[in-house]
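Student: I should like to work through this structure with you, step by step. Shall we begin with the terms that are needed?

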Amino acid sequence: MTKAPCPRLSHIFSGIVRLLYLAFLACVPTIVHADIDITVTGSGAKLFPVIIPVFENEASLPNAISEIVRADLERSGRFSLVDLGPLTLPESKTPDLAAMASRGADAVLAASVLPASGGRFEIRFRLFDTTRKDSNPELGGMLLHMSPAQHRLAAHRIADFIYEKLTGIPGYFATRIAYVVKSGSRYELQIADSDGMNAQTALRSPESIISPAWSPNGEQLAYVSFEARKPIIYIHTLATGQRKVLANFKGSNSAPAWAPDGKRLAVVLTKDGLSQIYLINADGSGARRLLTSSGIDTEPAWSPDGNWIYFTSDRSGDPQIYRAPATGGNAERVTFEGVYNVTPRPSPDGTKLAFLTRHEGRFRVAVMDLASRQIMPLTDSARDESPSFAPNSNMILYATDIGGRGMLSATSADGSVRQRLSIQAADVREPAWGPLQK
Amino acid sequence: MKKLLLPSIVVLALAACATEQAVEAPPVEDAPPKTSTTIPTITTPSRTSPIDPLDRAGNSVYFDYDSYVIRSEARPLIDAHAKRLAQEPGRKVTVQGNADERGSREYNLALGQKRAEAVRRALRLLGARDAQIEAVSLGEEHPACTEASESCYAQNRRGDFVYLGR
């Protein structure tokens, strides 16, 4: 068995930026000793040169912020960072934009840290375009209050602001991801920031956990646990650690998918025979069958407007993707190419559908433009699974297999940027990208 | 909440063009901890040794790739389990369907269920009662063999009979 790290990615794309994040997750006494290794594989598209200096008075913070902002931007594969050394650019002054432009930067951040009451801090920043000659070069600014413990979230918010101003696409850094880590015969459901840092364990079990699904408000996770030697769906409240059974009917209970309003879920039950899609209230009441087929119907996913449920069905023989009105009724086939198209995941903006397709024995993530029904393969590994859109509809997290070990990767929805996010010495799978953090 | 719009920020807001104002973000509040400090930890009781009335005959039936058709060689085993269930109405069995690891976990769960359901129907036809049987799927989560080879995958496409202790 080869253990070569990610050989394919490296020769598909040219420019490789490799970042090593050493994170010691002291608060997680777990199976995972956590070095996070993120590899960005860019397409060679033009990177946006930007200066993110050390913030004025940043040393007054217990934990640095600017380096997290820089790491977010660099990892996105869309920016190159122009180094300014220890020089700071106070928010209160407009930087010398001509000088910044001569260093090669198209945009520059001016940022300051100020003490606030109660041991808190205030971060102020403004973003400037060094290339605007005729108009106001200022792209906007923001003021953030934070406690010292919130430095990572504050940094991700600043990176989101910069990302959106400079790319026109909303950022995705201030989000969390859920995933399952397997180590030996033990399983953990973990939650981490979108950069893989701050990992916290939500559940430990000697049996498998699959299909984590974020509630729309990001406060709960539904998932399938095999702890009772059969699949049962639980809903887990992250702040309290309390979990309750959502569905434990005779047979198997799986594939939870929250409706956009968070009041109901689509689930798969087998109480009436084969796997079929039901709707159930978030308190576990009122289960009713949505669709009836003579084969397998599974992997439901709601369209963001709540009108459609996309799902996988073998009603035509091979597994293909269909959609049906969320009120029930006739299903319409969505995929026609190939003999294995599963795991439909509509983008939060409703324009795209990510799914898993098998081609010549390889399982890849592909994306369909829902208006034109055009399909584009996004990955080229052998064993990809579980695509999950970021809230900005522009990045897709998925599970991949490298040397027999599960890892997480992310790709931009146009395939131009990829990054690998792995927790060393662990088998990671079943990623789910959560909503933007409040 | 105390909103401090400091002079420089006001100046900044005024200086910005109409569409690109400095905005004050909602403060990063002291929220409750993201995840609970007490982590639910599941411990399952040591597996009750399954009562195994058909030890010599085996407790597993195997299936072809992407298939849920019971092979003819599995018939005698299913027959024997059905007879036992018919003769002992108090006995209960869980039929656990399994799948090999390739592809989507949830689709594999559904394939495992299809296998378990095929076995359940056969047991019913042969005289076992509905209340005696639960067909469930473990999907690809309980492989009997973990190598990436066809012979290994074949061992994982199976249905297991698990009798509950009483």
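Tutor: Two strands pair if DSSP finds at least two bridges between them. The model before us is predicted, and in it A:Ile51 has a bridge partner in strand β5 of chain A, namely A:Val108.

Student: In which sense do strand β3 of chain A and β5(A) pair?

Tutor: Strand β3 covers residues 48-51 of chain A. Its link to β5(A) consists of two bridges. The sense of this pairing is parallel.

Student: Which strand is joined to β5(A) by nine bridges?

Tutor: The two strands in question run antiparallel. One bridge pairs A:Ser112 with A:Arg124. The two strands form a hairpin with five residues between them, and A:Gly118 in the turn has a positive phi of about 70°. The partner is strand β6 (residues 121-129) of chain A.

Student: How many of the residues of strand β5 of chain A are buried?

Tutor: A residue is buried if 20 or more other C-beta atoms lie within 10 Å of its own. Strand β5 spans residues 107-115 of chain A and is mostly covered. Of its nine residues, the number buried is seven.

Student: A:Glu299 has a positive phi although it is not a glycine. Is A:Glu299 buried or exposed?

Tutor: The phi of A:Glu299 is about 55°, and the residue lies in strand β19 (residues 297-302) of chain A. The cut-off for burial is 20 or more other C-beta atoms within 10 Å. Because 31 other C-beta atoms lie within 10 Å of A:Glu299, the residue is buried.

Student: Where is A:Asn198 placed?

Tutor: A:Asn198 also is not a glycine, and its positive phi is about 60°. With 18 other C-beta atoms within 10 Å, A:Asn198 is partly exposed. Its place is in the loop between β9 (186-193) and β10 (200-205) of chain A.

Student: Which element gives the most to the side of domain 1 of chain A that touches domain 2 of chain A?

Tutor: The domain assignment gives domain 1 as 46-167 and domain 2 as 175-436 of chain A. Their contact takes eight residues from domain 1 and six residues from domain 2. On the domain 1 side, the elements that give two or more residues are α2 (66-75) and α4 (151-167) of chain A. With three residues, the one that gives the most is α2(A).

Student: Which element supplies the largest share of the side of chain A that touches chain B?

Tutor: The contact takes 60 residues from chain A and 43 residues from chain B. The largest share on the chain A side is nine residues, and it comes from strand β7 (residues 138-146) of chain A.

Student: Over which residues of chain B does pLDDT stay under 50?

Tutor: Chain B averages a pLDDT of 78, with 68% of the residues at 70 or above. Where pLDDT is low, the predicted coordinates should not be read in detail. The stretches under 50 include residues 1-22 and residues 29-33 of chain B.

Technical notes
Residues are numbered from 1 along each chain as its sequence is written. Chains are lettered from A and ligands numbered from 1 in the order in which they are written. This is a predicted model: local features need pLDDT of at least 70, side-chain atom pairs count only at pLDDT 80 or more; totals for chains, interfaces and linings use all residues. Two residues are in contact if their C-beta atoms, placed from the backbone, lie within 7 Å. Helices (H or I, at least four residues) and strands (E, at least two) are DSSP runs, numbered from the N terminus. A residue is buried if 20 or more other C-beta atoms lie within 10 Å of its own, exposed if 12 or fewer, and partly exposed in between; C-beta atoms are placed from the backbone. pLDDT is the predictor's confidence in each residue, from 0 to 100. Domain bounds come from an automatic or database domain assignment.
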